[in-house]
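Work through the exercises below with the sequence and the model at hand. Each task is followed by a solution in steps.

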Amino acid sequence: MSDSTRRDFAKGAALATAASYSKIMGANDRLRMGYIGVGNRGDQVHDAFLETGSNETVAVCDLREDYMDFAVKKSRANPKKYKEYRDLLADKDVDAVAIASPDHWHALMFIDACNAGKDVYVEKPLSLTVVEGRKMVEAAERTRRVSQVGTQRRSTASLIEAADFVRSGGIGHVTVAKSYHLENEWPNGIGNPPDTNPPSEKEWDMWLGPAPKVPYNINRSYYKFRWFRDYSGGQLTNYGVHNVDMIRWALGLEYPRRVTALGGKYVVKDNREIPDTLEVIWEYDGGTLMSFSHYDASAASQNPPRAEIELRGTKGTMYLMGGRWQVVPEQITDLAFFARTPLDRESERAYKPSHKPAMEPISNGKGVESTPSHARNFVECVKTRKKCNADVLIGHVSTVTTLLGNIALKTRSLFEWDGNAERFTNHEAANRLLFYKYRAPYRLA
Ligand SMILES: NC(=O)c1ccc[n+]([C@@H]2O[C@H](COP(=O)([O-])OP(=O)(O)OC[C@H]3O[C@@H](n4cnc5c(N)ncnc54)[C@H](O)[C@@H]3O)[C@@H](O)[C@H]2O)c1
C-alpha cells in the first residue's frame with residue numbers, strides 16, 4: 001500500500017467513524033455484517049451469525065474466490081465480494097465485521113476496522129505480539145467500538161454456570177489450574193513438503209501481509225499456519241488461549257506474576273517450528289499456579305476422560321470437558337497432619353477416617369461450547385453499546401498470558417511480569433520480543 005493510499009484510507013476511515021457515532025440501531029434493525037477471512041473458522045463464525053437471525057451478510061472478503069463464493073451461497077442474501085479488506089471496511093453498508101484471518105493479520109485488520117467505525121468480532125488469539133494487542137485495546141477505546149474476541153466459552157450457558165460456581169467459592173481456593181491439549185501427531189505430523197512457487201505471487205504476498213517475505217510452502221498457508229512462528233503462537237495460543245481465558249474468568253485472575261516454560265520439537269518429523277511437547281507454568285499473586293500441557297506425541301486421555309481443564313480447589317476439584325463439567329469433592333479434616341513414627345501407628349489410623357467430603361459430587365454441567373451465543377452477545381452489545389462477554393481487553397490479557405509462555409520457552413527463562421507496565425522486570429532483552437518489525441509498507445499505527 002502506498003503512503004497516499006494509506007492517507008486516503010485513514011481519511012475515509014475517520015469520516016466513517018464520525019458517521020457511525022450518529023447512528024443508533026433500533027431494536028428491529030438488522031445488523032449488516034461484513035466477514036473478513038471466510039476459511040475454516042470464518043465459515044463457522046458466519047454460520048453462527050446466520051443462526052442468530054438478527055443480522056444479514058452484506059459483504060465478504062477473502063483472498064480465495066472459491067471460499068467467497070461458498071460464503072455468498074450460504075448467506076441467503078446477495079453480499080458483495082472483496083479481495084482487499086480495506087475496500088470492505090470503506091463500504092458504508094457494513095455496520096460491523098467479523099475477522100477470522102490468520103493471527104498475524106488480526107491487529108492491522110482490527111485497528112483499521114475500528115478506525116473505519118465498524119464494531120468488531122475478532123477471532124482468538126487476539127494478536128501475535130503483546131504490543132499489537134495493546135494497540136488494539138487502545139484503538140477500540142479511542143474509537144468507542146464494541147468488540148468481541150472469539151473465546152466463545154464466555155457465552156456458553158453451562159460454562160457461565162461453572163464459572164459462577166467457582167467464583168462464588170463453590171470449590172474453595174483454587175491453588176492449581178491445569179489444562180491440556182493432547183493429540184498424537186507422531187511420527188509425520190504435518191509432513192515435510194518442499195518450498196514451491198505459490199499458486200499466485202500476489203495472493204501469497206497478501207497472505208503474508210506484515211510477516212517476513214519467505215518462499216511459499218503449502219504448510220505455511222491455509223490452516224497449517226498454526227505450526228509456524230511468523231503467523232501464530234502455536235497450539236499454546238491456538239488452543240491454550242481458550243483454556244487460559246476460561247481459567248482466568250472462573251478464578252477472577254488478571255495477569256500472572258511469573259511464567260516459565262520448557263519443551264521442544266522432540267520426536268515429530270515435519271517442518272513445523274512449534275514444539276511437539278510443551279509445559280508452561282504461570283504463578284499468580286494470591287496463590288494459584290496455572291499450567292498448560294501441550295503434547296503432540298502422546299494422546300492418552302486425561303482422567304476423567306477428555307477433561308481439558310481441572311481446577312483443584314481446597315473443597316472440590318472441577319473438571320471441564322468442552323461445555324460439560326463436574327465437581328469431585330475433596331476430603332477434609334480439621335486434624336493436623338501427624339508425624340509418622342515406627343512406635344505409633346494410632347495417629348495415622350485416627351487421621352485417615354476423620355476426613356469428610358466437603359460437599360456432594362456435582363455432575364450436572366451439560367452443554368456444548370456455543371459460538372452462536374457468542375455471536376448473539378455481540379449483536380446485542382452492538383445495539384446496547386455495552387461491553388461484550390469477551391471484549392478486546394479480556395482477549396488481550398488472555399492472549400498475552402499465552403504469549404509470555406512462548407517467550408519464556410524461546411529464552412529458557414523464569415520471568416517476572418509487570419502487568420501494569422506490560423513488561424518483564426528481570427530480563428530486559430526479552431522485552432524486545434514483545435513486538436516485531438512489520439514488513440514494509442505495513443505499519444502498526
Ligand atoms: N474460536 C475458535 O474456536 C477458533 C477455531 C478455529 C480457528 N480460530 C481462529 O480463526 C482464525 C483463522 O483460522 P482458520 O483455521 O480459519 O484459518 P484458514 O487458513 O482456514 O482461514 C483464514 C482465511 O483468511 C484468509 N486471509 C488471509 N489473509 C487475508 C487477507 N489479507 N485478506 C483477506 N483474507 C485473508 C485466507 O484466505 C483464509 O481463507 C485464526 O486466528 C484461528 O486461531 C478460532
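## Exercise 1: the sheet

An open sheet of 10 strands shows mixed pairing, in the order S16-S13-S12-S11-S7-S10-S9-S8-S17-S18. Strands (E, at least two residues) and helices (H or I, at least four) are DSSP runs numbered from the N terminus, and two strands pair if DSSP finds at least two bridges between them. The model is predicted: local features need pLDDT of at least 70, side-chain atom pairs count only at pLDDT 80 or more, and totals for chains, interfaces and linings use all residues. Residue numbers start from 1 along each chain as its sequence is written.

Task: find which strands are the edge strands, then state in which sense S7 and S10 pair and S9 and S10 run.

Solution. 
- Step 1. Strand S16 (362-365) and strand S18 (423-424) are the edges, since each pairs on one side only.
- Step 2. Strand S7 (residues 174-182) pairs with strand S10 (residues 288-295) in the parallel sense, over 7 bridges. In this pair His181 stands opposite His294 in S10.
- Step 3. Strand S9 (residues 277-284) and S10 run antiparallel and are joined by 8 bridges. Val280 has Phe292 in S10 as its bridge partner.
- Step 4. S9 and S10 form a hairpin with 3 residues between them, and Gly286 in the turn has a positive phi of about 95 degrees.

Task: follow Arg312 through its two pairings, with Thr317 and with Val176.

Solution. 
- Step 1. Strand S11 (residues 309-313) and strand S12 (residues 316-321) are antiparallel over 4 bridges; Arg312 stands opposite Thr317 in S12.
- Step 2. S7 and S11 are also paired in the antiparallel sense, over 5 bridges. Here Val176 stands opposite Arg312 in S11.

## Exercise 2: helix H2

Task: list the buried residues of H2 and state what they pack against.

Solution. 
- Step 1. A residue is buried if 20 or more other C-beta atoms, placed from the backbone, lie within 10 Å of its own. In H2 these residues are Gly42, Val45, His46, Ala48 and Phe49.
- Step 2. Down the axis of H2 they fall within an arc of 160 degrees, so they line one face of the helix. The arc is that of the directions from the helix axis to the C-beta atoms.
- Step 3. They pack against strand S1 (31-36), strand S2 (55-61), helix H3 (65-74), strand S4 (96-99) and helix H12 (371-384).

Note on methods. A residue is buried if 20 or more other C-beta atoms lie within 10 Å of its own, exposed if 12 or fewer, and partly exposed in between; C-beta atoms are placed from the backbone. Two residues are in contact if their C-beta atoms, placed from the backbone, lie within 7 Å.
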